[in-house]
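Please keep the sequence and the model in view while reading.

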Amino acid sequence: MPIQDVVNKSQAAMKKTLDHLQQDFSKVRTGRASAAILDPVRVDYYGSPMPISQVASMAVPDPRTIVVQPFEKAMLTPIEKAIREADLGLNPSNDGNVVRVPIPMLTEERRKDIVKTCKKFAEDARIAIRNIRRDHNEMLKKIEKDEHLSEDERKRGEGEIQKTTDRFIKNVDEMTEAKEKEVMAV
């Protein structure tokens with residue numbers, strides 16, 4: 001297995017970690033309306049739990065409101081009930097056509113808790129990236145031993161993996177800083 005394949009595999013794995021962090025951040029409530037807030041909500045659809053996105057369309061008409069338009073009128077009450085019971089701190093209201101979900105302002109204390117959660121997600125991502133680096137460096141050492149790769153080639157590969165690691169860690173830091181600013185903005 002050539003060195004570049006190992007480097008490419010490490011890069012792909014780190015990219016997946018970054019994508020996962022982005023997903024985690026999108027689910028964090030920031031005081032601004034986002035349809036992603038409702039992703040964990042499951043609606044009882046004729047006896048089986050369904051993601052809300054499969055029984056309704058969602059829109060964000062302003063920064064403080066999410067409007068949920070069910071595909072079937074009969075789903076209005078189950079959707080409202082599911083959002084209320086999802087323990088998201090939201091209080092939806094049903095006007096007969098759509099479910100409106102007002103997003104309340106966050107307190108300073110709650111904002112700080114959210115920032116702590118974001119920092120934990122970021123640290124988990126950094127740890128995952130460093131583990132990927134370690135695993136792929138071990139792969140290079142195994143290739144060196146098994147396929148008689150030169151030490152210089154192995155070190156060059158480790159250097160490339162380290163550069164990739166540094167770049168992805170920097171991306172994690174930038175994403176975390178941006179999310180922190182978003183959460184702390186009033």
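## Terms and basis

Axes here are lines fitted to C-alpha atoms, for helices over the stretch in contact, and angles run from 0 to 180 degrees between N-to-C directions. Helices (H or I, at least four residues) and strands (E, at least two) are DSSP runs, numbered from the N terminus.

The model is predicted, with local features needing pLDDT of at least 70 and side-chain atom pairs counting only at pLDDT 80 or more, while totals for chains, interfaces and linings use all residues. Residues are numbered from 1 along each chain as its sequence is written, and side-chain values use heavy atoms, with hydrogens and water left out.

## Helix packing

Two packed helices are described by the angle between their axes and the distance between the axes. The axes of α3 and helix α4 (residues 151-184) cross at roughly 170 degrees and come within 10 Å. The two helices α3 and α4 are therefore roughly antiparallel, a class that takes angles over 145 degrees, whereas angles under 35 count as roughly parallel, 65 to 115 as roughly perpendicular and the rest as oblique. The contact of α3 with α4 comprises 13 nonpolar, six polar and 15 charged residues; here Ala, Val, Leu, Ile, Met, Phe, Trp, Tyr, Cys and Pro count as nonpolar, Asp, Glu, Lys and Arg as charged, and the others, Gly among them, as polar.

The axes of α1 and α4 also come within 10 Å, but cross at roughly 10 degrees, which makes α1 roughly parallel to α4. The contact of α1 with α4 divides into eleven nonpolar, nine polar and seven charged residues.

## Helix lengths

Helix α3 (residues 108-147) has 40 residues and spans 58 Å from its first C-alpha to its last, close to the 58 Å expected at 1.5 Å a residue, where the expected span is 1.5 Å times one less than the number of residues. Just after α3, H148 takes a positive phi of about 55 degrees. Helix α1, with 24 residues, reaches 35 Å between its first and last C-alpha, close to the 34 Å expected.

S10 lies in helix α1 and is buried, with a relative accessible area of 0%. Leaving aside residues up to four places away in sequence, S10 touches I132, H136 and I161. F25 is found in helix α1 (residues 3-26) and counts as buried at 3% relative accessibility.

## The aromatic pair

A search of the whole structure finds one aromatic pair. The ring centres of Y45 and Y46 lie 4.8 Å apart and the planes stand at 70 degrees, so the pair is edge-to-face; rings of Phe, Tyr and Trp (its six-membered ring) pair if their centres lie within 6.5 Å, with planes under 30 degrees apart counted as stacked, over 60 as edge-to-face and the rest as tilted.

Y45 is partly exposed at 24% relative accessible area, while Y46 is exposed at 61%. Y46 is found in the loop between β1 (42-45) and β2 (48-51), and Y46 has a positive phi of about 50 degrees although it is not a glycine.

Note on methods:
Buried means under 20% relative accessible area, exposed over 50%, partly exposed in between (1.4 Å probe, protein chains only). Contact means heavy atoms within 4.5 Å.
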